[in-house]
Amino acid sequence: MLSQFLAQAQGQISPPDVSYAAIAPILIILGAACVGVLFEAFLAKESRWAWQVALCVVAILAAGVALILYMNSDAAKGGVAGHTGVLTLANVISIDQPALFLWGTLLALSLLALLLLADRTVDPEGALQTEAFPLFLFALGGMLVFSASNNLLTMFIALEVLSLPLYLMCGLARKRRLISQEAAVKYFLLGAFASAFFLYGTALLYGYAGSVRLSDITNAAVGTDRSDTLLFGGLGLLVVGLLFKAAVGPFHTWTPDVYQGAPTPVTAYMAACTKVAAFGGILRVLTVSFQSTQWEWRGVLWAVCIVSMAIGAIFGLTQTDVKRMIAYSSVAHAGFLLVGAIALNTDGLQSTLFYLVAYGFTTIASFGVISLVRRGNGEASDLSEWAGLAKRSPLLAAVFTFLLLALAGIPLTSGFVGKFVVFSAALRDGMAPLVVIALVFSAVAAFFYLRVVVLMYFSEPAEDGPTVTVPGAFTTVAISLGVFITLLLGVVPGFVLDWAKGGFLG
């Protein structure tokens with residue numbers, strides 16, 4: 001009897017098809033993270049830093065090469081059901097055009113963030129311990145999976161894989177330990193609540209559709225006469241978890257404290273890469289699962305957009321700490337990004353993806369600049385200490401001015417193009433009132449960027465003011481690339497916009 005049962009089970013159960021070429025970037029990053037853990041266990045302390053940095057750089061570059069090779073392969077171009085891409089691992093991972101774009105963006109941004117993390121010349125005594133590097137790679141692997149998940153349970157697991165290392169990294173500062181550990185605890189506690197919301201929403205959606213696959217949820221929403229209470233209750237809870245990770249107001253309360261307390265390279269990594277992964281998940285969930293029911297929930301997300309832009313713009317005006325100011329700036333930018341995300345058309349998807357690239361490079365370069373203005377006990381993050389910076393270091397002040405103007409959306413910067421394409425997509429989708437409100441808050445937010453510029457150029461420096469540290473090679477490369485790409489995308493954005501075209505594969 002047992003042998004007959006096993007024979008029948010073997011005939012009914014077959015292993016899932018796996019496209020190893022498609023998921024090679026994920027395998028490389030997570031495999032390198034495991035090797036990094038072994039380095040921590042077996043290498044001498046004096047040699048770990050060099051080996052860990054080399055491993056991370058090689059892993060990111062190898063994942064990038066694997067991504068490029070796959071994008072040029074017949075499998076990527078062949079497509080499924082009229083879409084470019086493949087479904088793999090029992091259809092829980094969707095390697096489509098947006099996923100490939102997000103992966104390329106995450107790998108590029110993570111390389112710049114890694115350079116900031118690895119530089120030990122800016123603050124030799126305060127440099128992070130080498131255990132940060134495996135955590136860095138585990139978080140990146142979770143981001144890659146999260147942005148390509150076609151299944152809510154897979155998305156939840158990826159959310160935890162990317163979140164838990166970040167909670168730990170926030171508390172690894174060797175100077176100002178208390179504020180760093182406080183930031184880590186706040187991030188962990190609030191993140192745990194957000195994960196619970198996400199998981200409860202997944203449970204409700206499973207109760208409604210009988211499946212956690214995104215395309216099955218949309219099929220159930222279109223083809224069933226059952227009550228929509230579970231559907232929209234599940235969507236509401238699910239979106240709370242996603243908006244928390246993207247730092248969208250009013251689910252942003254962790255952002256200022258964590259940005260201020262975490263080590264600056266970790267803050268740069270979170271601010272850029274986590275937002276890319278989070279909005280990748282938001283775009284996929286809204287477009288694949290809930291596009292057919294958009295008229296029921298769109299008004300709520302309109303309100304969330306307005307609240308996020310208002311919180312970011314208004315509270316940003318009151319900040320006296322430059323890292324907290326950038327934190328509220330990220331809340332405002334999250335509102336602008338959400339405008340494009342809820343457009344739910346090809347232009348909205350394309351413009352949001354472009355905005356993520358533009359914002360990510362500008363943000364990492366900005367935190368690189370912030371890490372160079374220092375006092376004896378650490379970074380000079382109080383805005384009053386930036387007075388007259390242009391007289392102390394004209395080059396650094398000019399670079400930071402350019403980056404602030406990009407965040408404000410001034411022409412000839414990537415920030416201007418990003419806002420222009422997002423607002424244009426929203427106008428074409430009939431959201432003119434929301435675009436007008438976004439333009440008003442964009443103008444308000446520009447004030448606190450310009451306030452810093454005025455402070456640097458038109459104020460006298462204090463005699464005991466901070467010094468500007470000469471950046472090491474890694475930090476110099478990270479800032480230079482961030483500034484260059486910010487300018488490049490402001491002048492010739494077409495190639496990135498063309499790459500961002502393409503729909504999701506459900």
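Biologist: At roughly what angle do the axes of helix H3 (residues 45–71) and helix H5 (residues 97–118) cross?

Modeller: The model is predicted. Two packed helices are described by the angle between their axes and the distance between the axes. For H3 and H5 the axes come within 10 Å, and the crossing angle is roughly 165 degrees.

Biologist: Are H3 and H5 roughly parallel or antiparallel to each other?

Modeller: Angles over 145 degrees count as roughly antiparallel. The axes of H3 and H5 cross at roughly 165 degrees. The two helices are therefore roughly antiparallel.

Biologist: Which residues of H5 meet H3?

Modeller: H3 passes H5 in a left-handed crossing. From H3, the residues involved include Trp-49, Val-53, Cys-56 and Tyr-70. Their partners in H5 are Leu-100, Trp-103, Gly-104, Leu-107, Ser-110, Leu-111, Leu-114 and Ala-118.

Biologist: How are helix H13 (residues 294–317) and helix H14 (residues 322–341) oriented, and is their crossing left-handed or right-handed?

Modeller: The axes of H13 and H14 come within 8 Å and cross at roughly 155 degrees. That makes H13 roughly antiparallel to H14. Among the residues making the contact are Leu-301 and Phe-315 of H13, and Tyr-328 and Phe-336 of H14. The crossing is left-handed.

Biologist: Which residue caps the N-terminal end of H7?

Modeller: Helix H7 comprises residues 152–170, and at 1.5 Å a residue its 19 residues should span 27 Å, which agrees with the 27 Å between its end C-alpha atoms. Of these 19 residues, 14 are buried. At the N-terminal end, the backbone nitrogen of Leu-153 lies 2.9 Å from a side-chain oxygen of the capping residue, Asn-151.

Biologist: Which residue just after H17 takes a positive phi?

Modeller: Helix H17 spans residues 394–408, and its end C-alpha atoms are 21 Å apart, in agreement with the 21 Å that its 15 residues should span at 1.5 Å a residue. Buried residues in H17 include Leu-407 and Ala-408. Just after the helix, a positive phi of about 90 degrees is taken by Gly-409.

Key:
Residues numbered from 1 in each chain as written. Predicted model: local features only at pLDDT ≥ 70, side-chain atom pairs only at ≥ 80, totals over all residues. Heavy atoms only, no water. Helix = DSSP H or I, 4+ residues; strand = E, 2+ residues; numbered from the N terminus. Expected span 1.5 Å × (residues − 1). Buried < 20%, exposed > 50% of the residue type's maximum accessible area, 1.4 Å probe, protein only. Polar contact = N/O pair within 3.5 Å; in protein donor to acceptor, adjacent residues only side chain to side chain. Axes fitted to C-alpha atoms, helices over the stretch in contact; angles between N-to-C directions. Parallel < 35°, antiparallel > 145°, perpendicular 65-115°, else oblique. Left-handed = near helix turned anticlockwise from the far one by under 90°. Contact = heavy atoms within 4.5 Å.
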